[in-house]
Each structure stands twice: as structure tokens, then as C-alpha cells.
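Hi,

Here is the structure I said I would pass on.

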Amino acid sequence: MDPFGKYNSIISARATDKRILKKSQDGGIVSATFIYGLENNILDGVIVADRGEKFKPVPKVATTPEEVIEAAGTKYTVCPNISLLKSAVREYGCDKIGVVGTPCQIISTKKAIKYPVGLRHVTDKIALTIGIFCMENFPYNGMKTVVEELCGARLEDVVKTDIGKGKFWVYTKWGETKSVKLKETHPYEQIACHVCTDYTAELADISTGSVGSPDGWSSVFLRTKKGEEIIKKMIDGGYLETKPIDEGKFGLGILKKLALTKKEKNIKEIEHRKELGLPVPIIE
Amino acid sequence: MMVTVAHVQLSSCCGCLISLSDTYEKLIDILGSIDLVYCQTLADAREIPNADVILVEGAVCLDDHHTMEIVKEVREKGKILVALGACSAVGGITRFCKGGQMPKPVQSSFSALTEVVKCDLAIPGCPPSPELIVNVITAVLNGNMEYLRPFAKYAESKRGACGCDLIINVINKSLCMGCGVCAASCPTRAIKMIEGRPLVSSELCIKCGVCSFQCPRIELPKGVCQLDGE
């Protein structure tokens, strides 16, 4: 089974801008790319998951680097970024839009591009898609339960959440670090995620995530010409530092393992649902 | 020989034809590659001729004898019969008609074309976007059945559409992951995303079917899952 979908190259990278690294989840690839795009006329608006109250993400069309930095960092809950696709064009007047999303949101965007039934003069303005690695997501109250009940932190106090080394981590503004084994968070996952077989956002121009790279760095798949071009310009201009991906067990090895785990697990679930006579999205 | 295309308007606002002409230079390309043999708004032809493709926009007024004859005629004369837009494909806003309106207060029954005759393709949306109409016409010209498959399915299903479809076919079936494309595509902004799920306002929904067509969890056509621009 093909774990990653098509791509031209994969690297480890991180932003060089300290302002980004201070707030970003890992290597700050999404923020750095969007800021570079906005500052160099490659993009004029980017759809991001902004931080709302109590760690509730809110979709937002960001048009300045400050707004991008404000929204930096992963939120482990559903944020309907694609709901802003039309208003980015109609209300914000953007015609070079960047979209960041989970693999399912990138799939949704690709379907919208191919079949733009209800998106008149919108999808031709999508200039760049960045996908983030995703095993599954949590509904807001699922994430809240994980943070508040399993980890014992108040959502008001949370400055960062993270998944890594088999655990869900919570960092509070009081400097505390709390965690819970991922296994214990499974009951709070969004069940609809279990029919998705895309771990690395296989249809995005660029896909990125922490898995496969050292702490503070991100693994980056360059999948399309557009994606390659912008990343190359950023590297040449000193906005990103890079190193070759670790091809060993803790690099590509673990990335491949996780991608295949998601595929195998969820293909089983899809088959199971079919047996029960339930609908599944992919129809041959 | 060029592919002959006819556009026939039933009970509708002409928005679907406007959407088709909103393709600017692409319309010229299309008009260059087809022979538009009938279109009351754009061409001077009195009789609906035989055509390879007949695009029908608007709902069918069952109370109007003349309309019922046209419906029979388009099925007989069109090799490929396309229900273009919400009213023709799934009923759309004409689902709310109950008669009593001027100048024909007795006309009270409107149905989607797909319910009245067998259609080959049905395109929801109010109106379907210009790009989409171009894509469909191009796919018909090239015989790209894979692209047309979702529209063929809509034609077969002969059913209405509603924002509630999102609840029944996606949320209730444990498939909604909260991407929000339904909210983005709704022409009346009837859909808000609350807690990562669509909340449909029944007062704003015009039953155009676009939200559930756009949903990647109801159907994910094969062609979508290929990476372009490598």
C-alpha cells in the first residue's frame, strides 16, 4: 500500500523567523509559507484556524502576517476552514487564496475545485493548499474532556496542546505540563474520522507535520509545482532552513508506519460499515 | 459535424442561462464548439429541433398543458436530456409554489423535470456556477462519463433536495467531519457551522441541493482523488 500518495520530494524544515517559532506548533511551516506568500504577492488572503476563547478555533481569513502569527499552532478540534472559501472572495476580495486544512478539508477543497457547483468564480482563486498530517480529530467537547478531565487543566489556561511520543500534551500559562496517554483519548475522537484513509494530506500542494522530523522541525512533502516553487523561493531567501529527512526508523520509518496504520485501520472500518449496509463516501 | 445543443426554459428565472453566459470568453469557446440550435433568449428559432443535448432549466408546471407537451417533446428530441439547475434537477425554490399567484393563480403544481421524465443528467445548484456548466458541457462533448457520473446519479434519484439532507445523509450516518464546504456553497447562507457541524435554517433553505452535492462525505468521485499539477 502506498503510504504517502504522490510527491516530488520530502524534507525536514523549520522557519527562521523567531516570531513564528515562538508561537508555531513545530517548524512553523504553515505560518512561514503563508506570511511569505502574503508579503510577496503570491497570496492575498489565507484561511486559517484562529484562536477563539477557551481554545476554541475559529475559521478566519487572515490578510496580514500578524493575523497569521496570531492563529499559529495546532488546535486538536474541528475548525470548518472551508466554510470561508466563498467569503474570502466575496467579502475579503481575495483572488490568491491560501488554504490550510486537515487531509479531509483538502479533499473537500479538491472536490470543490473539480465540481464547483455552488462556488461561482471562487475556486479559480485558490492559489495554494497546505495540508497538515492528521490521524483523527476531536469534537470540541471531546478535546475539552481530554484537557480538563484527563489532563486536569482548565481550557482558559491552556497555551498549547500537542500530540507526540504516544501522549496528548497540555501546556498551561502557569508553566505546567500535563499529559495523558493517547490510548485514553480514543473514546473522545470524532467517529467520522474513521472512514478517512489520508494521513499526509495527499492532495495538497504542500503537506506538513511533526512526525518524521526532530523536535522543533517539520516534515514537508512537496507535491506539486506550485508547492515546490514557493518552498524553494523561501529556502533561497533564507525564510526556511532545511535538512534532509531522516530515512531511518525515527524519520520516514515512523511517518510511513503511522500513515499505513491509518489506512489499514480505516479501510477495515469502511469495509465494516459496508457490510452493515451503511453508506461510505468513496464509490467505485 | 458539431454537437447540437438546445436550451429550453420552463418555470424558472433564467438564472441558469445567465450563469451559462457568465462564463465570458469560455462561452465563446463553447459556442464555437457547439451548434446552439434552440435558445429563446440567445437564438432565433421557433421550434425545438432534434438535438444531441437538450438543457432544460426550470420546474415543470403540471397544471399547464403546453408545458407538459414541451416536456414530452424534449425527451423525444434530445439524445441527452440535462436537467440544468435546481428547479429542473431537484425542484429548488419552486417546491414552495402553492398557486394563487398572478397572472396564473390556478397554476399550483410544480415538479422537477427529473420527476416527470427520465433525464440523463441533473445538475443541482441555484444557479450552478458558470465553471461547472462549462465543465459539464465539455465532459459531454468529450464523452467523459467519469466526470458526469454524479450528475447521472442525481438524474436517476428523482428526488427532491433540502438542507436536511446534510443531517440525514451525513451527520446521522456518522460521516460529517466538519469541513464546512456545505456552508461555503449555500447560495442563501442558510448554513452556519456550529460546533463543527452544519446548522441549516429552514427559513432560508431554497432546496437547491448544492450543499449535499458538494459534500465529499456523501460522494467522493474518483477523479477528485488524483493530484494535479505535479
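**The core, and what surrounds it**

The largest nonpolar core has 152 residues, and those with the most contacts inside it are B:Ile54, B:Val56, B:Val82 and B:Ala83. Helix 2 of chain A, residues 29-39, gives the most to this core, with 7 residues. Keep in mind as you read that this is a predicted model.

I took a closer look at B:Val56. Leaving out residues up to four places away in sequence, B:Val56 touches B:Val8, B:Leu10, B:Val74, B:Leu81, B:Val82, B:Ala83, B:Leu84, B:Ser88 and B:Leu113. Two of the names from the core list, B:Val82 and B:Ala83, turn up again among those neighbours.

**Chain B as a whole**

Chain B has 10 helices and 9 strands. Its radius of gyration is 18 Å, close to the 17 Å that the globule rule gives for 230 residues, so chain B is as compact as a globular protein of that length. Of the 230 residues in chain B, 47% are buried. As for how the chain contacts itself, take the contacts in chain B with a separation of 6 or more: 77% of them are between residues 24 or more positions apart.

**Where A meets B**

Between the chains, 45 residues of chain A are in contact with 37 residues of chain B. On the chain A side, the elements that give two or more residues are helix 4 (85-90), helix 5 (103-114) and helix 8 (225-236). Helix 5 of chain A supplies the largest share of that side, 8 residues. Sorted by class, the side of chain A that touches chain B has 25 nonpolar, 10 polar and 10 charged residues.

**Inside chain A**

Chain A is divided into two parts: domain 1 (9-137 + 193-275) and domain 2 (138-189). Taken over C-alpha atoms, the centres of domain 1 and domain 2 of chain A are separated by 22 Å. The contact between them takes 12 residues from domain 1 of chain A and 13 residues from domain 2 of chain A. On the domain 1 side of that contact, the residues divide into 4 nonpolar, 5 polar and 3 charged.

That's what I have for now.

Cheers

Notes
Residues numbered from 1 in each chain as written. Chains lettered and ligands numbered in written order. Predicted model: local features only at pLDDT ≥ 70, side-chain atom pairs only at ≥ 80, totals over all residues. Helix = DSSP H or I, 4+ residues; strand = E, 2+ residues; numbered from the N terminus. Rg over C-alpha atoms; globule rule 2.2 N^0.38 Å. Buried ≥ 20, exposed ≤ 12 C-beta atoms within 10 Å, placed from the backbone. Contact = placed C-beta atoms within 7 Å. Nonpolar A, V, L, I, M, F, W, Y, C, P; charged D, E, K, R; others polar. Domains from an automatic or database assignment. Core = buried A, V, L, I, M, F, W, Y, C linked by C-beta atoms within 7 Å.
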